[in-house]
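Biologist: I have a model open and want to learn how to read it. Can we go feature by feature?

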Amino acid sequence: MLLAILASCVLLFPGGQKSHKTAGVVEVAAASDLHPDRYEQFPVYDARDERALLQLTNRDRERNGLAPLQLEPGLTAAARAHAARMAQRDELSHQLAGEPALQDRLTVTSLHLDRAGENVSLSTTIDRAHDGLMHSPHHRDNILSQGFNVVGLGVARIGDRIYVVEDFGHNLPMVPAQQAEDLVAATLLKTRSQHSSADLKRVAVANLHDAACAMAAADKVNAKSAGGLGNVRFVLTYTNMQPDVLPSNVAQVLGDKSVRSFAVGACYANTQTYPNGAYFVTLAFY
């Protein structure tokens, strides 16, 4: 079996309660049987092989009790572009010289991704490529990950070789600001019941949404952005890919029985720190 190189990559995108970037973990498999020839012609996409690869991938996921991956056009465009660059340069890599990193390449999609991964390989047929990936632990982990639900596939053929790229992602549902605020409120009330028997009432504060959007525009969490809130006891601000996942320090506030009411403002934005999008949330407690 001819497999020149296999490489896999997994990324966790910025999110949760941290405002700094989360480093990705890169794992590379061993290289063997490097093809001796070089080809100068331009690569062509092999749509038939891409369709076959999707079938092979989802067949193995089904055998392992996993939901099929949904083919996503934006991820496919990114995978194809990367496959073509590798074929033109006769090089297998997750980031070629002068090329954006995987996280930045995937921001061209309209997806709300909190996790992504990539497999790349060089082979002579799509069956051999997939078989090699499935027999390599790191690549198999990506293919059979429960954490991925969408995929983009790119196969660039040049001469008798194919350069294969599989871009995996976990796509989160996106909701309007009002619905995001409702999700936060519901989670707060549920969490409050676990920390105190005192009633907690939701109130409306018109400028909290503007305060959250001001943080989004500045790409920075800042409790001081919420002004004119009246006799407020606590102000809590955070970012997350899922707005109803509360920061850990909310427990201290909710455990305070003197807190009787709260208001919430949320704003969604794609920023430099969060290129795949995040919710900026402001909470005021009274």
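Modeller: Start with burial. Buried means under 20% relative accessible area, exposed means over 50%, and partly exposed lies in between. Keep in mind that this is a predicted model.

Biologist: Let me try that on one residue. Is Ala251 buried, exposed or partly exposed?

Modeller: Ala251 has a relative accessible area of 28%, so it is partly exposed. Its place is in helix 8, residues 250-254.

Biologist: How far is Ala251 from Gln194, in sequence and in space?

Modeller: Count along the chain, then go C-alpha to C-alpha. Ala251 and Gln194 are 57 residues apart in sequence. In space, their C-alpha atoms are 9.4 Å apart.

Biologist: Next, disulfides. How many does the structure hold?

Modeller: A disulfide is called when two cysteine sulfur atoms lie within 2.5 Å. The structure holds one. That disulfide joins Cys213 to Cys267, with 2.2 Å from S to S.

Biologist: Which parts does the pair of Cys213 and Cys267 tie together?

Modeller: Cys213 lies in helix 7, residues 207-218, and Cys267 lies in strand 10, residues 261-269. The pair therefore ties together parts that are 54 residues apart in sequence.

Biologist: What is the handedness of the link between Cys213 and Cys267?

Modeller: Right-handed, with 95° about the S-S bond.

Biologist: And burial for the two ends?

Modeller: Apply the cut-offs again. Cys213 is partly exposed, at 23% relative accessible area. Cys267 comes to 10% relative accessibility, so it counts as buried.

Biologist: Why is strand 10 described as largely enclosed?

Modeller: Because eight of its nine residues are buried, strand 10 is largely enclosed by the rest of the structure.

Biologist: Which strands pair with strand 10?

Modeller: Look for bridges, then for direction. Strand 8, residues 201-202, pairs with strand 10 in the parallel sense over two bridges. There, Arg202 stands opposite Phe262 of strand 10. Strand 11, residues 278-285, runs antiparallel to strand 10, and eight bridges join them. On that side, Gly265 stands opposite Thr282 of strand 11.

Biologist: Now salt bridges. What counts as one?

Modeller: A side-chain nitrogen of Lys or Arg must lie within 4 Å of a carboxyl oxygen of Asp or Glu. By this rule the count is eleven.

Biologist: Give me an example. What is the partner of Asp60?

Modeller: Asp60 forms a salt bridge with Arg59. Their closest N and O atoms are 3.7 Å apart. Asp60 is buried, with a relative accessible area of 7%. Arg59 is partly exposed, at 34%.

Biologist: Which salt bridges does Arg105 make with Glu99 and Glu118?

Modeller: Take them in turn. The side chains of Glu99 and Arg105 meet at 3.9 Å, N to O. Both Glu99 and Arg105 are buried. Glu118 also forms a salt bridge with Arg105, and here the closest N and O atoms are 2.6 Å apart. Glu118 lies in strand 5, residues 113-123, and Arg105 in helix 3, residues 102-105, so this pair ties together parts that are 13 residues apart in sequence. Glu118 is buried, as is Arg105.

Biologist: Which residues do salt bridges with shared partners join into one network?

Modeller: Arg85, Glu99, Arg105 and Glu118.

Technical notes: Residues are numbered from 1 along each chain as its sequence is written. This is a predicted model: local features need pLDDT of at least 70, side-chain atom pairs count only at pLDDT 80 or more; totals for chains, interfaces and linings use all residues. Side-chain values use heavy atoms; hydrogens and water are left out. Helices (H or I, at least four residues) and strands (E, at least two) are DSSP runs, numbered from the N terminus. Buried means under 20% relative accessible area, exposed over 50%, partly exposed in between (1.4 Å probe, protein chains only). Two strands pair if DSSP finds at least two bridges between them.
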